[in-house]
Amino acid sequence: MDDLPGRWEGLGGRAAADLVAAREQLHCAAQVVASVPRVLATPLPDWSHSAFSWDGSLRAMVSGVIAGRTPFRAALRPADLRVLLLPAAGREPLAQCAASGRPADELFDWLGARAAELTGEPLPGALEQAEEHPPVPCAEDRPLDAGDSSALAELERYYVDAALALGALATSRPEASPLRLWPHHLDLATLIVLDPGADPEQARSVGVGMQPGDEGYAEPYFYVTPWPYPPAEDLPGLRGGGRWHTEGWMGALLLGSELAAAGPARQASQLQAFLDSAVGGALDLLGA
């Protein structure tokens, strides 16, 4: 990650705590777009067929390829909530629309119609909300709103920077999974698997990711979670302003507000210090 500071995009253009409403809009739009691979992609046991990857050049979350008459990928650009249907290889959209100004049901209908045209056959099932507790904008019959453009742009920068830092980490460790963006929580993460082939409930692993905020923390944060959870006593120290979270789930975290406060020139090195200490500490706790 030696080149991380040179590619880093400074955080703090908007206060981390002021991103909640924009994040809920993005979360709803992402779950709508994720319905395409969830229904049409070949199912995988870990549900990674419904996850996105982050495309840094497009600055968008992008699904895997959907097979059919015209193979395509479904994508969402956070900065303006624009939905893109891209060719399997290429960047010029086959179709696109603004999520802003449309309720979720209308987006589902638009995506379903375009997906049927591209695959060349009727969909095997309706595109619909899959989460038990959908984000607020999806649960209410009102149009999505990309009006807070500076907040959406700040969220996009979190994904850009997380993809740089976490992507380098995943690449450096052969036991780490590809970097994936999960629509359920909207986190971008990799999983370091220490016991491949073992029962996932018992296998040791370390999750490393960026969560743009949730019901526990109303701001973005980076996290490192060892599994199985170790005892909460004698947890190792963390660098870079990190702390241990021990209520409900166990993990090291670095709040976006702590990272933004360091200033753009120091943020990359602060995140690196946190990740190095947290991942190293998690591996030690698991005896790896």
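User: Which residue stands opposite Ala189 in strand 8?

Analyst: This is a predicted model, in which local features need pLDDT of at least 70, side-chain atom pairs count only at pLDDT 80 or more, and totals for chains, interfaces and linings use all residues. Residues are numbered from 1 along each chain as its sequence is written, and side-chain values use heavy atoms, without hydrogens and water. Strands are DSSP runs of E of at least two residues, and helices are runs of H or I of at least four, numbered from the N terminus. In strand 8, the residue opposite Ala189 is Gly209.

User: How many bridges join strand 7 to strand 8?

Analyst: Two strands pair if DSSP finds at least two bridges between them. Strand 7 and strand 8 (residues 205–211) run antiparallel, and the number of bridges joining them is 6.

User: What angle does the direction of helix 5 make with that of strand 8?

Analyst: Helix 5 (residues 149–172) packs on the sheet and touches strand 6, strand 7, strand 8 and strand 9 (221–227), contact meaning heavy atoms within 4.5 Å. Axes are lines fitted to C-alpha atoms, for helices over the stretch in contact, and angles run from 0 to 180 degrees between N-to-C directions. The angle with strand 8 is about 160°.

User: Is His184 buried or exposed, or in between?

Analyst: His184 is found in the loop between strand 6 (180–182) and strand 7 (187–193). Buried means under 20% relative accessible area and exposed over 50%, with partly exposed in between (1.4 Å probe, protein chains only). At a relative accessible area of 42%, His184 is partly exposed.
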